[in-house]
Amino acid sequence: MVEAAVYQDGVRVSSPGTLADTFRELRRAPAGMAWIGLARPTETELLSLAAEFDLHPLAVEDAMEAHQRPKLERYGETLFVVLRAARYLDAQEEVDFGELHVFVGPDFVITVRHGAAPDLSAVRRRMEETPELLKLGPEAVLYAILDAVVDGYAPVVSGVQNDVDEIETEVFRGDPEVSRRIYELSREMVEFQRATRPLVGMLHGLMAGFTKYETDEELQRYLRDVADHVTHTSERVDGFRQALTEILTVNATLVTQQQNAEMRALAEAGFEQNEEIKKISSWAAILFAPTLVGTIYGMNFEHMPELGWNFGYPFAIGLMGVVCVSLYLIFKRRDWL
């Protein structure tokens with residue numbers, strides 16, 4: 001248990017140290033309200049609360065297991081709300097999500113927090129500083145919690161907007177790591193959508209029951225304001241996801257263009273290299289021809305007809321020239337030279 005308090009007419013009358021003391025103090029306070037805050041509670045603590053406040057077993061099971069989608073369910077006189085809070089971590093440039101379960105009954109509010117967000121101690125201080133709002137009862141506490149969760153989305157939206165702007169710059173700068181960053185941010189936006197979209201319907205559901213449950217008019221205005229903020233945030237998140245999809249498409253196009261340019265450059269380099277090889281091979285063949293003739297006439301055989309021939313030397317030189325010129329003309333015709 002993080003903190004527990006019993007309130008009467010919007011003022012704290014006791015601060016019990018245990019759940020048993022809280023139950024006892026609440027029974028002593030006529031028209032009082034208990035606000036119990038838990039963080040990753042044990043099964044024993046939840047079962048104790050369930051027995052005292054007659055909490056539905058399905059709701060208690062959800063609170064134990066966590067990893068629930070945002071939802072609002074009513075079990076008799078008890079309202080069970082699941083919220084997904086979020087906070088932006090500047091150092092890591094990522095979004096951290098927390099989970100909050102809220103039980104709201106006629107004379108109690110129980111919060112079960114899984115994660116660092118939101119800071120419910122700040123919510124409690126705010127409510128205690130405005131007793132005229134706190135005396136409206138458990139529904140007012142639920143409003144304050146909803147407002148804190150929704151207000152916590154604003155820094156996240158701002159941080160994500162900066163990330164999207166940076167990613168756009170990295171895409172056109174050709175950063176090789178940008179694809180991974182786009183994927184990670186897109187995955188976070190999917191989680192953000194799962195946190196905000198159901199909340200819009202939940203708040204409209206609460207507003208639909210204003211008349212039936214005789215919700216205070218001032219509280220109705222506050223809840224409508226929260227609903228407007230949630231709708232705005234949800235639309236921004238949808239816009240981020242769409243923008244990231246388009247950025248990913250642009251990045252894929254730019255990568256493909258870069259790969260095509262590199263392949264074209266490699267092909268051109270290969271073509272130029274082939275041309276150089278042709279020239280080298282042609283000159284090697286031309287130079288090899290006189291070498292071959294000279295090698296034959298340079299052999300020391302006694303019975304070689306040309307050795308005693310008066311025109312043997314001019315004939316050898318001429319043969320070398322004819323072969324070289326012939327090869328040159330052949331290679332030239334084929335554009336090897």
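Q: Which residues does the UniProt annotation "transmembrane region" cover?
A: The unreviewed UniProt entry places it at residues 280-299 and 311-331. UniProt positions follow the numbering used here, feature names are shortened, and annotations may be inferred rather than shown by experiment.

Q: Where do the coordinates and numbering come from?
A: This is a predicted model, in which local features need pLDDT of at least 70, side-chain atom pairs count only at pLDDT 80 or more, and totals for chains, interfaces and linings use all residues. Residues are numbered from 1 along each chain as its sequence is written, and side-chain values use heavy atoms, with hydrogens and water left out.

Q: How many helices and strands are in the protein?
A: The protein has nine helices and seven strands.

Q: Why is it described as more spread out than a compact globule?
A: Because its radius of gyration is 41 Å, well over the 20 Å that the globule rule gives for 337 residues. The radius is taken over C-alpha atoms, and the rule is 2.2 Å times the number of residues to the power 0.38.

Q: What does the C-alpha trace span along its principal axes?
A: The trace spans about 140 × 40 × 30 Å.

How values were computed:
Helix = DSSP H or I, 4+ residues; strand = E, 2+ residues; numbered from the N terminus.
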